[in-house]
Amino acid sequence: MGYSEKAVKGLGWAGFLQIALKGISFIKFIIIARFLFPAELGIFGVALITTGFFDAMTETGVSSYLIQADDKHNKYISTAWVTSIIRGIVLSILTLIAAYPVSIFFDNKSVFVIVLVASLIPLAKGLINPSEITFQKNLKFNKDFYYRTSIGVFDFFVASALVIIYKNALALVVALLFSTLFQVVLSFIFISPRPHFVFEKNKLRDLFHFGKWMPFISASNCFVEQLDGIIVGKMF
């Protein structure tokens, strides 16, 4: 099969993936809207804005580098994983520090607890095997479809169950945390190569040289996209 044929077939799988994920998200939203008050959804949104802001501020561009790198990208996997873990720790600490000021800004005590729990999510994300980008790099979109859809289905059932039982924003945050941990497990069971806790300075230099502008780009995009949500959240 030629590269063009692989690309066309890959686009088909990518389209199926988007349809499947959108469908799962739509059904999940209906269930959430049925059992949660709008205020609870707003609190969950504040948690996402907080973690998303710090995520954008510390974007490294490692995944982009691994996708465009040549066949030697496997040599960078371990360093990329350790970098991701360190970044996850930093993000968690920043989110913990921001929990109280954010709750004061939005004048809602419930936000404090939600953001505290949400601080565990970037820590979990940092553990994901960076090799998951090999599906896209090698145009194996069918495997990426099964991988992403499995995570989406798991998130759907966990989030739906917790929301129906507890009927609060904390249920959504905990479901997101469980889904992230599930992704960590899948990424190590079904994707290779698997990283080791090895850190090489010369490889880190290559990774950061490629992504040195990514924090500024991501931060500016995040600010533009979330500004309206921040203003509306503050007002209401």
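Helix 11, residues 214-235, has the lowest mean pLDDT among the elements of this protein chain, at 60, while helix 9, residues 169-189, has the highest, at 95. I start there since this is a predicted model. Where pLDDT is low, the predicted coordinates should not be read in detail. For the protein chain as a whole, the mean pLDDT is 82, and 73% of the residues reach 70 or more.

Now the overall layout. The protein chain has 11 helices and 0 strands. Read from the N terminus, the order of elements is α-α-α-α-α-α-α-α-α-α-α. There are 236 residues, and 40% of them count as buried. If you take the contacts with a separation of 6 or more, 85% come from residues 24 or more positions apart. The accessible surface is about 13500 Å², and carbon and sulfur atoms hold 70% of that.

Next, helix 5, which spans residues 109-118. Which residues of helix 5 are buried? They are Val111, Ile114, Val115 and Ala118. These lie on the same side of helix 5, because they cover an arc of only 100 degrees around the axis. As for what covers the buried residues of helix 5, the list includes helix 2 (38-57), helix 4, helix 6 and helix 9.

Staying in helix 5, look at Val117. Leaving out residues up to four places away in sequence, Val117 touches Leu170, Val173 and Val174. There is also a distance to Leu96: that residue is 21 residues from Val117 along the chain, and the two C-alpha atoms are separated by 8.7 Å.

Helix 4 is the next stop, at Ser103. Is Ser103 buried or exposed? Ser103 has 6% relative accessibility and therefore counts as buried, the cut-off being under 20%. Apart from its neighbours within four places in sequence, Ser103 is in contact with Asn108, Val111 and Phe112.

Helix 4 gives the most, with 3 residues. On the helix 6 side, take Leu123. Leu123 is at 35% relative accessibility, so it counts as partly exposed.

Where is Glu200 found? It sits in the loop between helix 9 and helix 10, the latter being residues 201-210. Glu200 counts as partly exposed because its relative accessibility is 30%. Not counting residues up to four places away in sequence, Glu200 touches Lys75 and Thr79. Glu200 and Val82 are 118 residues apart along the chain, yet their C-alpha atoms are separated by 9.6 Å.

Notes: Residues numbered from 1 in each chain as written. Predicted model: local features only at pLDDT ≥ 70, side-chain atom pairs only at ≥ 80, totals over all residues. Heavy atoms only, no water. pLDDT = per-residue confidence, 0-100. Helix = DSSP H or I, 4+ residues; strand = E, 2+ residues; numbered from the N terminus. Buried < 20%, exposed > 50% of the residue type's maximum accessible area, 1.4 Å probe, protein only. Contact = heavy atoms within 4.5 Å. Arc of directions from axis to C-beta. Areas by Shrake-Rupley, 256 points an atom, 1.4 Å probe, with all protein chains shown as cover.
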